[in-house]
Amino acid sequence: SGTLFIVATPIGNLGDLSPRAQQTLRDVAAICAEDTRRSGQLLAHFGIATPLLALHEHNEEAIAQKIVARLQAGESLALVSDAGTPLVSDPGFRLVRAARAAGVKVSPLPGPSALVAALSVAGLPSDRFAFEGFLPAKPSARRERLQALAAEPRTLIFYESSHRIAEALADMVQAFGDERPAVLARELTKLFETVLDGNLAQLQARVEADGDQRKGEFVVLVQGAGEDADAKVIEGRRLYARLKGHLP
Ligand code: SAM
């Protein structure tokens, strides 16, 4: 059977489509895309004429079977989303599950993802983190979700759109407190790329005060609950230094 290639595409800067991704998108029989118009523009930019197939949340289950049949018949296909890595807050999970269940090879073409890009510049603890994707749109459900995360020790990563960034930050201040260190990564790899850091209250004030800071696409990162790991190490050393004089 053919291979299903899962291809990451740029989250802003078109220069981030890797040469191997370009070649794969040229070589496959068809490309499954969330929004064929948007992906068509990307492909046109690279002079890639491979046919596109619409695959979105609503038709994924039904169309997955047809795609798997084509793979089993020997065709290789690719999956892309509008931006970044497919399946990360984007369609594809059902298709990949169906392909794997059918014994079809699924191979990644890794590349941009807003969550990893944001984490890589945030300067927050990054050895462990929890990706929460989008918060619920309904205020009550959103507050409940945040409340449930208040004691989470890992760095939290959220996706947010310009419509709700101000409300989301206000709810985070309520759930996690004014002082919690956080980072707002906006428009990564694009013209107005901005990475703001501070505590949640400071970031909320900044976004409230400056309309430009509410425009575009956002990743919000919040340091986990509990003592700062470094603070613990420093306190431990201090205690040891004090005790040392008293030890035999
Ligand atoms: N699959 C994508 C990925 O791998 O990052 C995410 C798709 S999700 C539908 C879109 C969300 O990702 C946006 O609302 C925003 O939270 C985040 N995002 C995408 N591009 C971004 C960028 N250039 N800068 C900041 N956040 C971005």
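The model is predicted, and local features need pLDDT of at least 70, side-chain atom pairs count only at pLDDT 80 or more, while totals for chains, interfaces and linings use all residues. Residues are numbered from 1 along each chain as its sequence is written. The protein chain has nine helices and ten strands, where helices (H or I, at least four residues) and strands (E, at least two) are DSSP runs numbered from the N terminus. Of its 248 residues, 32% are buried, a residue being buried if 20 or more other C-beta atoms, placed from the backbone, lie within 10 Å of its own.

**Sheet**

- Five strands, in the order S6-S7-S10-S8-S9, make up an open sheet with mixed pairing; two strands pair if DSSP finds at least two bridges between them.
- Strand S6 (129-134) and strand S9 (194-199) each have a single partner strand and stand at the edges, so one side of each lacks a neighbour in the sheet.
- S8 and S9 run antiparallel and are joined by six bridges, and valine 183 has aspartate 197 in S9 as its bridge partner.

**Helices on the sheet**

- H5 lies across S6, S7, S8, S9 and S10 and runs at about 55° to S10; axes are lines fitted to C-alpha atoms, for helices over the stretch in contact, and angles run from 0 to 180 degrees between N-to-C directions.
- H8 also packs on the sheet, where H8 touches S8 and S9 and its direction makes about 135° with that of S9.

**Nonpolar cores**

- The largest nonpolar core has 33 residues, and Ala118, Ala185, Val219, Val220 and Leu221 are those with the most contacts inside it; such a core is a set of buried Ala, Val, Leu, Ile, Met, Phe, Trp, Tyr and Cys residues joined through C-beta atoms within 7 Å.
- Helix H7 (165-176) gives the most to this core, with six residues.
- Valine 219 touches Ala114, Leu115, Ala118, Ile157, Tyr159 and Ala185, not counting residues up to four places away in sequence, with contact meaning that C-beta atoms, placed from the backbone, lie within 7 Å.
- A second, separate core of 26 residues includes Leu17, Ala78, Leu79 and Leu95.

**Ligand surroundings**

- The ligand is surrounded by 24 residues, the closest being Gly84, Ser113, Ala114, Tyr159 and Leu188; a residue is near a molecule if its C-beta atom, placed from the backbone, lies within 6 Å of it.
- Helix H5 (114-122), strand S7 (155-161), strand S8 (181-186) and strand S10 (217-222) are the elements that give two or more residues to this shell.

Key:
A residue is buried if 20 or more other C-beta atoms lie within 10 Å of its own, exposed if 12 or fewer, and partly exposed in between; C-beta atoms are placed from the backbone. Two residues are in contact if their C-beta atoms, placed from the backbone, lie within 7 Å.
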